[in-house]
Amino acid sequence: MDSRRSSRAVIDPKVRQVGFFTSAPLPPDRTQSDPPDPIRSPPLADASSPGNSLSPVMIPPPRHPSDSLLRLPHSPSDAFPPPSPTTTTTSLGDFSDDVTAASSPPPAAARVRGRGSSVKQQGAASSFPGGGFEVPPSVKAPSSVPASGLTTVSVVKLPPGISVEVQSDRALNSKPLKEKTSKAERRAIQEAQRAAKAAAKAEGIKTPAVTALANAKSAKSTKPSPQRNDSAVVVAASEKKGGDRSVEKDRKKDVPHPRMQYDDKSRVQKLKKRSVVKPTEARNRVELFRHLPQYEHGTQLPVLQSKFFQLDTLHPAVYKVGLQYLSGDICGGNARCIAMLQAFQEAIRDYSTPPAKTLSRDLTAKISSYVSFLIDCRPLSVSMGNAIRFLKSQIAKIPISLSESEAKATLHSDIERFINEKIILADRVIVKHAVTKIRDGDVLLTYGSSSAVEMILQHAHELGKQFRVVIVDSRPKHEGKLLLRRLVRKGLSCTYTHINAISYIMHEVTRVFLGASSVLSNGTVYSRVGTACVAMVAYGFHIPVLVCCEAYKFHERVQLDSICSNELGDPDSISKVPGREDINHLDGWDKSENLQLLNLIYDATPSDYVSLIITDYGMIPPTSVPVIVREYGRGQLWI
Amino acid sequence: MVAHGRQCKIEGSQATARQTAELLRSVISQQRVPYTNQAGALIDAVKAVGEQLIAANPVELAVGNIVRRVLHIIREEDLSLTTAAIGELNLSAVSDDENDDDRDGNTTLSAAAVAAAARSTLRPPSLQTLLEDTPVSAAVPQTSSSGAADKSSRSRKLKHDVIEAVNELIQDIVTCHEQIAEQAVEHIHQNEVILTLGSSRTVSEFLFAAKEKKRSFRVFVAEGAPRYQGHLLAKELVARGLQTTLITDSAVFAMISRVNMVIVGAHAVMANGGVIAPVGMNLVALAAQKHAVPFVVLAGSHKLCPLYPHNPEVLLNELRSPSELLDFGEFSDCMDFGSGSGSPLLHVVNPAFDYVPPKLVSLFITDAGGHNPSYMYRLIADYYSADDLVVQRRAIAGN
């Protein structure tokens, strides 16, 4: 025991790198500093029923929304065929040593329960980088079996029956090992419970018991997915034998592609050839923003309308959504994303694979062409980009064996699930979290019109909380007016002002709620232009700034300023002030070449101004955004 | 004029300042000066008018500033006249002091006055003036009453001098833009990127002056809702051939990282170096501070206010009509103040001014050169005498 502890200290830093366990709510004894109890303690059982307590600082387990609210076609444990009892002993002995050594963190962290949940999502190799490799020999000594370097934690995922068996085995065979393996056991049990729970919900396709231990081992690096069917698992498992290395490669692929830079002449030419809309270049382009598309506004719509019958490749639903983007009828990250996905749903429904082509390839190309059409209408938001990535990965994952109608049905339900789970449910969870931050007598400030914030305010009002809302608005969109109207209709007491008066109004504000178009990996909040100003002034007044953003809008890109990547709106809307005919100094502004009008759509709020980001995974500081992106992004969004 | 002030008919602090000065000049010239204590009479007359003017529009600080400046001018002229007179007296006293006993007493009396006058003409630090408040003010009537022989000539001379000085003041106010603009080339270099908010004549003259000196630079103009004067400024700048980009106010934070300098005008500069400026300025100043961009305020000397602000966001502010933000017709169903079902659900806040604390200001450029915010109190002491400041404030409180 003592020798083990000393060796633990060597490994500690490595384990700490694993770091953030976004898992179950804290069991009450987590904060105890004494070493973990070798015997399975009762709170373990609690850990497998996550999400019922809404602790404000902890992130609920990733499965929680899907577990409790959505059906799971397959339980994750189905992916792992139960190993035969004869081989289990040795294999478990060997891996459990690794596990105890590699994953026994310092006492404080030792009690993180439900790590299995993150393991489930992420694949063991990614959440325990190199854990199995660098275990000092002294640790392995007690087990006579040489440790296989590739063995990692995820092998613990065993169906309930087996894990019990293993326990008994251990009890009989290796008394001295018992303490060491207790953690693995605990995990196994926990996994088992969870698996059982999931299995109860699952529709009950049981995997045939394949006995190969090698199979179980190779499966360790797969990310067990709820929706993947068995054959896909086997294929993926054999593909991903590379273990850690393949994950490393994946991570390299994670680095986002550089965006299209519109000052690159050759690429712009190429793009123009492909594009349908053929926008005319704006005349007075802002020099600083040459890398962004600056087109004459208002010219595309008639052109598109006239082209309707020539665009036979385009599905009418997509076309319709594109027009709505162009005219600004649909705006807001969620609305745009949902509209796009629904259009794709329709397009997929009407799709039929041309002869001599495979569905996955042809459909991906089709979707790509739709997407480039939509980009022509209006640049994609991050939320849409993520949704498209999801859809494409879903298409790519369709096994060839599946018939066309089945594949289409699968995709249909996948999209449905994405909308429900990532947007609608996520918003509900955000509202649930955020309402806990509203107290009686609060004065809440919001900027522009965010759908999430609106839901929060309405829900808090329905709960009978007494508070006042300050709506700050800005030119040229005046989105706040619509929000104001809706809130006043609901009977909320509102104060309306414009962004310049923010320093004046901030004196009376107690909380600032902001929406976001996207949250980037460095904690930067990319949102409607002006959000940064509001956050800055609030920060200056020491007022907490809470950003509400669904996790599907998180992106691994980083950005420091609002210049490098942005979207430009119609400059004409700046020169005219609606309702103020006396302000007409800039009529015919485009005749003079020295004058440019800059209508930025977004800006980037530095993370220092943000106190809290409320997502569907809980309330996190901006520094934790990369963790969410890493732990949940790949695991959940685009399996 | 009072009526005009009350109806806020005069736009801009420069115009207000000039008109105030002209009005006071006419008040002085029409004032019949008694033989004794002419300065006192003038001061009273100016004060009486000034109080009315200030009360008409307390937010327009330029009015108060000019009234105080005129009062200060009267005191100064009176003092310099007295010292000159006393100097003559002293000379005559030295020449024939054996002959006249009556004169003797007078000289001893006026010796103290000379000392006080010398002190106040040297413009001692304001704290000292404040501390020696009583002796100085006591000295004024004392000295003015002395020297009865040349009273009639002096009274005419005093009025004449005061009017001359007020004319100079008016001239200063009129030309302050040019004087500030002269310094432009020292602050703007080639290819500079400058951001400004709203429109100020001082700023546009400043930029034009730099442009005329063959500097080419780029200007970002934030439009300055809800008055949108930025549109006007952008138009003027473009007419002068400057590269101009008009941005919305909300894009200030996004763009400030690419800006070298923020140059703005002010509504008033307080004695602590704080600035009362068109609404939105605090936002710009905070953003500039975040990105370490110099925040330069241009202000003519008539905008220097000798008062220290207390809660200026509320007390030195003015709430404008909500119609600038919301269309009444559009939101009439929400804004039913009249139908009286309890308190209305909708409030609209539309303040006119913002207060920028001195720590956010990098530099003041006045017609007397560039100054730190921490130096403003001293600069102000040059223009105002301390007792006016106190009296005026009491008068406001009385109103």
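A residue counts as buried under 20% relative accessible area, as exposed over 50% and as partly exposed in between, with a 1.4 Å probe and protein chains only. By that rule Tyr228(B) is buried, with a relative accessible area of 5%. This is a predicted model, in which local features need pLDDT of at least 70, side-chain atom pairs count only at pLDDT 80 or more, and totals for chains, interfaces and linings use all residues. Residues are numbered from 1 along each chain as its sequence is written, chains are lettered from A and ligands numbered from 1 in the order in which they are written, and side-chain values use heavy atoms, with hydrogens and water left out.

Start with the chains. Chain A has 639 residues, and 58% of them are buried. Its secondary structure comes to 26 helices and twelve strands. Helices (H or I, at least four residues) and strands (E, at least two) are DSSP runs, numbered from the N terminus. Chain B has 399 residues, of which 55% are buried. It holds 17 helices and eleven strands. Contact means heavy atoms within 4.5 Å. In chain A, 81% of the contacts between residues at least 6 apart in sequence join residues at least 24 apart. For chain B, the corresponding share is 81%.

Now the cores. A nonpolar core is a set of buried Ala, Val, Leu, Ile, Met, Phe, Trp, Tyr and Cys residues joined through side-chain atoms within 4.5 Å. The largest one has 88 residues. Leu445(A), Met506(A), Val512(A), Val262(B) and Phe295(B) touch the most other members. Take Phe295(B). Residues up to four places away in sequence aside, Phe295(B) touches Val262(B), Val264(B), Met281(B), Val284(B), Ala285(B), Ala288(B), Val356(B), Leu360(B), Val361(B), Ser362(B) and Leu363(B).

Next, helix packing. Two packed helices are described by the angle between their axes and the distance between the axes. The axes are lines fitted to C-alpha atoms, for helices over the stretch in contact, and angles run from 0 to 180 degrees between N-to-C directions. In chain A, look at helix H16 (residues 316–327) and helix H17 (residues 333–349). Their axes come within 8 Å and cross at roughly 160 degrees. That makes H16(A) roughly antiparallel to H17(A). Angles under 35 degrees count as roughly parallel, over 145 as roughly antiparallel, 65 to 115 as roughly perpendicular and the rest as oblique. The crossing of H16(A) and H17(A) is left-handed. Left-handed means that the near helix is turned anticlockwise from the far one by less than a right angle; right-handed means clockwise. From H16(A), Ala317(A), Val318(A), Val321(A) and Tyr325(A) meet Arg336(A), Ala339(A), Met340(A), Ala343(A), Phe344(A), Glu346(A) and Ala347(A) of H17(A). By class, this contact has nine nonpolar, no polar and two charged residues. Ala, Val, Leu, Ile, Met, Phe, Trp, Tyr, Cys and Pro count as nonpolar, Asp, Glu, Lys and Arg as charged, and the others, Gly among them, as polar.

The axes of helix H10 (residues 201–212) and helix H11 (residues 229–239) of chain B come within 11 Å and cross at roughly 20 degrees. H10(B) and H11(B) are therefore roughly parallel to each other. Their crossing is right-handed. Ser204(B), Leu207(B) and Phe208(B) of H10(B) meet Leu233(B), Glu236(B) and Leu237(B) of H11(B). The residues of this contact divide into four nonpolar, one polar and one charged.

Pro226(B) is found between strand S2 (218–222) and H11 of chain B. The peptide bond from Ala225(B) to Pro226(B) is cis, with omega near 5 degrees. Tyr228(B) sits in the loop between S2 and H11 of chain B. Tyr228(B) has a positive phi of about 55 degrees, although it is not a glycine.

Chain A has a loop to set beside it. Pro476(A) lies between strand S2 (467–473) and helix H22 (479–489) of chain A. A cis peptide bond joins Arg475(A) to Pro476(A), with omega about -10 degrees. His478(A) is found in the loop between S2 and H22 of chain A. This non-glycine residue, His478(A), has a positive phi of about 50 degrees. His478(A) is buried, with a relative accessible area of 18%.

Finish in H22 of chain A, which holds Leu483(A). Leu483(A) is buried, at 1% relative accessible area. Leaving out residues up to four places away in sequence, Leu483(A) touches Thr446(A), Gly448(A), Ser449(A), Glu454(A) and Ile471(A). Leu483(A) and Ser381(A) are 102 residues apart in sequence and 21 Å apart in space, C-alpha to C-alpha.
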